[in-house]
Amino acid sequence: MKLQRMNRRALALGALAVSGALALTACGSDDTGGSSGGGTAAAAKPGSIKCDDAKGQLLADGSSAQKNAIDAWVKQFTSACQGTQINYKGGGSGAGVTAFTQGQVAFAGSDSALKPEEVAASKKVCDGGQGIDLPMVGGPIAVGFNVNGVDNLVLDAPTLAKIFNNEITNWNDPQIKKLNPDAKLPNLKIQAFHRSDDSGTTDNFTKYLMATAKSDWPYDGGKTWQAKGGQSASGSSGVAQQVKQTNGAIGYFELSYAKDGLKTVDLDTGAAQPVKATVENATKAISEAKVVGTGKDLSLELNYGTKAEGAYPMVLVTYEIVCDKGNKSDTLPATKAFLRYIASEDGQKVLAENDYAPIPADIISQVRTTIEGLS
């Protein structure tokens, strides 16, 4: 266990170093709480969390993808700022955006940037301002599988698309065999699990399929699952649990939920070697993102089709959505203090230790500046 912690810490520091060196022009439903996303959250340095006038209860909702990261952050922040309570529901990206545009939460988490109609709706609750996207959490979308006797599995985008579109229905299908010549693939029905709720994870997973296997994925994407067939579960934790307990299952969720022996697919991206779902490999892919937001909005465009060596392109970025102006006066101090912490160097270190990718240096510096200007 001690060795595992040392290795985890080494990986965390390595991922942070990579992210710090990257120069970007640019990084859903009820899930269980706790920082079970893979390592132990690093304790913040004494005095590094500035509470300012933060106090009272802060309500937030949204992305289940970042739930494990939020739990770890909340533990550190509320320990330092004992006058503040933060309740992050983690009800999914769709639920979070809805709660935000209805004025029910101080901020929301979403794995997809606000759509124009959602920005318009936010102006009703942001007095004199509007909702903006602040990229805060990066990471790989892992494809977990449970096939007795198979420990390693390689899939490419067309094969994944056919599996989740109910066109490849058995594990010993010739297309899967071709990618895994040494695997003992059984004559077993594939049980493909997708999200039942509106989810930014679904949005990013299907964006990857649309970008890399369009002819095999004839859908227009979005937070709502569109393909026919398959089975569904609520939240990333729900999909992961179904895959874990079902022989023949496959499903998508954030790497932080690939725990307790869950195996993940290696992606054949066209690079020389299949790419594993790791924080470091996700960071390499996120480094190719570009800022496409305007004004204070920092929404990103990800390169899902990258074939760079060691780059895992099935990634997502979770945004914290907040009003640029017109935040409620009773929650603004706590909102700014919490966002300031999670965007800080100490806050971003927590990500790598919990199987998430820190936001690269150029972008997170813009996020920090934007947070200070919130009013």
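1. **Surface.** Accessible areas come from the Shrake-Rupley method with a 1.4 Å probe, and for residues only the protein chains shown count as cover. On that basis the accessible surface of the chain is about 15100 Å². Carbon and sulfur atoms hold 48% of that surface.

2. **Ground rules.** This is a predicted model, in which local features need pLDDT of at least 70 and side-chain atom pairs count only at pLDDT 80 or more, while totals for chains, interfaces and linings use all residues. Residues are numbered from 1 along each chain as its sequence is written, and side-chain values use heavy atoms, with hydrogens and water left out.

3. **Overall make-up.** The chain has 12 helices and 13 strands. Both are DSSP runs, numbered from the N terminus: helices are H or I of at least four residues, strands are E of at least two. Of the 375 residues, 59% count as buried. Buried means under 20% relative accessible area, exposed means over 50%, and partly exposed lies in between (1.4 Å probe, protein chains only).

4. **Helix α7, length.** Helix α7 covers residues 200-212. The expected span of a helix is 1.5 Å times one less than its number of residues. For the 13 residues of α7 that gives 18 Å, and the end C-alpha atoms are 18 Å apart, so the two values agree.

5. What caps the N-terminal end of α7? Serine 199 does, with a side-chain oxygen 2.9 Å from the backbone nitrogen of threonine 201. Such a polar contact is a pair of N or O atoms within 3.5 Å; within protein, one must be able to donate a hydrogen and the other to accept it, and residues adjacent in sequence count only if both atoms are side-chain atoms. The buried residues of α7 include Gly200, Thr201, Thr202, Asn204 and Phe205. Thr206, Tyr208 and Leu209 are also among them.

6. **Aspartate 203.** This residue is found in helix α7. Is aspartate 203 buried or exposed? Aspartate 203 is buried, with a relative accessible area of 7%. Its side chain reaches the backbone nitrogen of glycine 222 at 3.4 Å.

7. **α5 against α7.** Two packed helices are described by the angle between their axes and the distance between the axes. Helix α5 (residues 157-164) packs on α7 at an angle of about 125°, and the axes are 9 Å apart. That makes α5 oblique to α7. Axes here are lines fitted to C-alpha atoms, for helices over the stretch in contact, and angles run from 0 to 180 degrees between N-to-C directions. Angles under 35 degrees count as roughly parallel, over 145 as roughly antiparallel, 65 to 115 as roughly perpendicular and the rest as oblique. The crossing of α5 and α7 is left-handed. A crossing is left-handed if the near helix is turned anticlockwise from the far one by less than a right angle, and right-handed if clockwise.

8. **α2 against α11.** Helix α2 (residues 67-80) and helix α11 (residues 345-352) cross at roughly 135°. Their axes come within 10 Å. That makes α2 oblique to α11. The crossing is right-handed.

9. **Helix α8.** Glutamine 242 lies in helix α8 (residues 235-245). At 25% relative accessibility, glutamine 242 counts as partly exposed. Its C-alpha atom is separated by 9.6 Å from that of glutamine 191, 51 residues apart along the chain. At 0% relative accessibility, valine 243 counts as buried. Valine 243 and valine 147 are 96 residues apart in sequence, and their C-alpha atoms are 9.6 Å apart.

10. **Helix α9.** Why is α9 (residues 279-286) described as largely enclosed by the rest of the structure? Because six of its eight residues are buried. They are Val279, Asn281, Ala282, Thr283, Ala285 and Ile286. Valine 279 has a relative accessible area of 7%.

11. **Two positive phi values.** Aspartate 52 is not a glycine, yet has a positive phi of about 50°. Aspartate 52 lies in the loop between α1 (2-21) and β1 (56-62). Aspartate 52 is exposed, with a relative accessible area of 53%. Aspartate 355 also has a positive phi, near 65°. Aspartate 355 lies in the loop between α11 and α12 (361-372). Aspartate 355 is buried, with a relative accessible area of 15%.
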